[in-house]
Amino acid sequence: MKASYQWLRELSGVDASPSEMAERLTRAGVEVETLTAFGEGLDRVVVAEVRGKRPHPSRDKLTLVRVWNGKEEREVVCGAPNVPEPGAKVLLAEVGAKLPNGMEIAAREVAGVSSSGMLCSETELGIGADSDGIVVLERASSGRVGAPVVDALNLRDHVLGISLTPNRPDCLGHLGLAREIAMLFEQPFVLRAPPAPQRLLSVDSAESVSPVVTVLDPSRQHPGETLSLVQPAPGAPINVPIAIRDADRCSRYLGLVLQHVNVRPAPFWMRYRLHVLGQRSIDAVVDVTNWVLFETGHPIHAFDLDTLRGPAIVVRTARDGERFTTLDGIERALSTDDLVIADAEVPVALAGVMGGAASGVRAKTRNVLLEVAHFDPRSVRRTSRRHGLHTEASHRFERGVDPNGLEHVMRRAAQLLGTVAEAASAPSATDAHARRIAPVAISLRPGHVESLLGGPVPASEVRRVLEGVGCEIAPAEEGGWRVTAPTHRPDLGRPEDLIEEVARVRGYDHIPSALASMAPSADAGDRRYAIVRALREGAAAAGLFEAVNFAFCSRRDLELAKAPLDVVALSNPLSEERSVMRTSMLPGLLSDVVRAQRHQAPRALLFEVGRTYHPAPETPRRVVERPLLAVILSGPRELWVGDETAFDFWDGKGAVLAILRSVGLSGETVRDESLAETAPWLHPRRSARVVVGGRSVGVLGEVHPDVAEAFGATGRPVFGLLDIEAVVALTKAAGLPRARPLPRFPAVVRDLAVVVPEDTTSADVIAAISQAAPLAERAELFDVYRGKPVPEGRKSLAFRIAYRDPDATLTDARVEQVHAAVVQAIADRFGGALRA
């Protein structure tokens, strides 16, 4: 959201600097991210009067213009096609000026003629988008010859770049921001009624349909305002009948007829203010609709009345198979869920999103129907997303506009169209009011304010804040208040919302801070959070990167992942791809791998801490949540020497066991034939159960080839799961980690390579080593070899064994004796032999 500082000053009456205004808004939760100055870099650009012009002696497309800058006459060479006649005012960049686009102006010869300065266009000065010719000031301009352009055209402004949360649609217009600023600076805010239109159609009241809303505000006097009565255009209607067929999605629709419209460029003051807000000027009529949108925060639309069949307006849902071309020139197939504005036959606008190409205002338009309506936010949001159309209008309707502010918006638009487009307004607008939206009444107790904000807040200050927001306050029972929230603040619906307003307006720094009382505990309380954090840190230390995926997925993804299909379905899903709660962590992580591979990132090492969701057995509407830690490895290992090899089961095992060690647990992997049924998403021959102290805490293995292929993953990804509740229970049972004294005597390290049958696991061999040699404090596998001279059906396993006696230094003889016992144990249990 961009906001003009000058506009905010005019509407709020607050005379604060741009930085003060931005700082105060930010402190109140309306974050101002940027503050951009406009009108700078034009110090030597002045208003000049054309005194004469003549053709260039040698260039047909150049003109020699004699201008008066208030001090002297100068001759300037100009190549623009719109050089005006003598007496007109233009903008002269004098010698020495440096324009915002970086151009430096110097005296120079152009085709043999000296030129002292440059006559400038809007784009060259950065004050507009018109580059077709130089700026020619309007005859009514009060710019004094020789006056700096920033003063003559009121160019000085600052634009506030505001980051708004979705619950503050009232701040999507300058009026809402002005109301906020007046409240923050403790000044009264007055919503001024628009002046009367300059031109009204002279009609008999009997010609009006009923009900209507008058263009002249009956609550406001109009002293000194001039009003011209204009005869209606022959054959053009004064009012258009309006029918609302879906009251839930359109509560009210005002339609105002304006005739004798002059579709011409808008005046500079309007074009410039729209320019600083990033809005391109189109013509006077469209610019007025954009002006009103930025001023009030309420979108409006102008139809070419002569293109409407009937003429009539029907607010209805689209018919099956109906097609419609929007203003951007794209033909769209409509859904029966799309709310449209139709004439007597066909759609002319997508309600709250975009108008139609056939009924839009164009240069020959003379009669206009002005739409001011209130649409349901959810309806607009669905249509906007369905058609991929996010517009300034849909952005505001999706968040909610004031349903009771339509009359002010309509009168403001009618007044502006009369001023800048010479439009003559009908005396009244047709008012189709299908459903009334009443303000929300909220009960508020002063004690509730103090309990939530942690300290006393004077009732007078609470009243000042709430009335500044626009609330009406009446006494209620037991000393409380009955607060009626304004309809321009749809986010105020309960007492806590009102209290939040008090907190942010007073300043969050007024909330007292106090240290929470903590009772000492021998076991430091529940260690679950610390254990889960340690698991995260352990996964990161193992070289994995944390992923955060949606807990929603599609049934299709669960089917492809061979995950449980007894799911918890969402009653209001974002889309079909997010329609159920996940029963497995695999679809999300495997999709992450596939996305990385498609972006030429073949290596993926990811982990995720999350939950899966399952219907509670025999308990309707109850959900069982399982906290899990999942890891996935895919792609080539990062090697400095040698050929690239892909991650395999052993890499996954190393990562999972390292994560367990981060919480003080020593785990192992155990083959389990039942995994083919309980974990069908894993390869049936390359998977194992992760065990700690004989208790299963997870599973690990290569992703089943069918699953990997279904998701489009290349290679053989490795996937592992740890049950966080089981890990937490085991960690708690093990007690707090205790430091062990450093060894007093050195270890002796020996390597051992044994040839064993192919089906012998390294875990079984390590267990045998530990049983045969109590002095073996550590045994690690570091090599597996198959091939000659190892016989077929057998393999070579190489271990590094560390022997240590905690009470004495080991001698070579004793190490040899223990090492021989290890070799003999391997031979007796597995039929193994030392590798030659």
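At 49% relative accessibility, Phe550 counts as partly exposed, a class that lies between buried (under 20% relative accessible area) and exposed (over 50%), as computed with a 1.4 Å probe on protein chains only. The model is predicted, so local features need pLDDT of at least 70 and side-chain atom pairs count only at pLDDT 80 or more, whereas totals for chains, interfaces and linings use all residues. Residues are numbered from 1 along each chain as its sequence is written, and side-chain values use heavy atoms, with hydrogens and water left out.

A search of the whole structure finds six aromatic pairs, where rings of Phe, Tyr and Trp (its six-membered ring) pair if their centres lie within 6.5 Å, and planes under 30 degrees apart count as stacked, over 60 as edge-to-face and the rest as tilted. Two of these pairs are set out below.

| Pair | Centre distance | Plane angle | Class |
|---|---|---|---|
| Trp269 and Trp291 | 5.3 Å | 90 degrees | edge-to-face |
| Phe550 and Phe552 | 6.2 Å | 15 degrees | stacked |

Because Trp269 lies in helix H6 (residues 268-276) and Trp291 in helix H7 (residues 284-296), their pair ties together parts that are 22 residues apart in sequence; helices here are DSSP runs of H or I with at least four residues, numbered from the N terminus. Trp269 is partly exposed at 43% relative accessibility, whereas Trp291 is buried at 4%, and Trp7, Trp269 and Trp291 form one aromatic cluster. Phe552, the partner of Phe550, is partly exposed at 28% relative accessibility.

Charges also sit over rings, which requires NZ of Lys or CZ of Arg within 6 Å of the ring centre and within 35 degrees of the ring normal. The charged end of Arg463 is placed over the ring of Trp481, 5.1 Å from its centre, and Arg800 lies over the face of Phe782 at 4.5 Å from the ring centre.

Terms used. Helix = DSSP H or I, 4+ residues; strand = E, 2+ residues; numbered from the N terminus.
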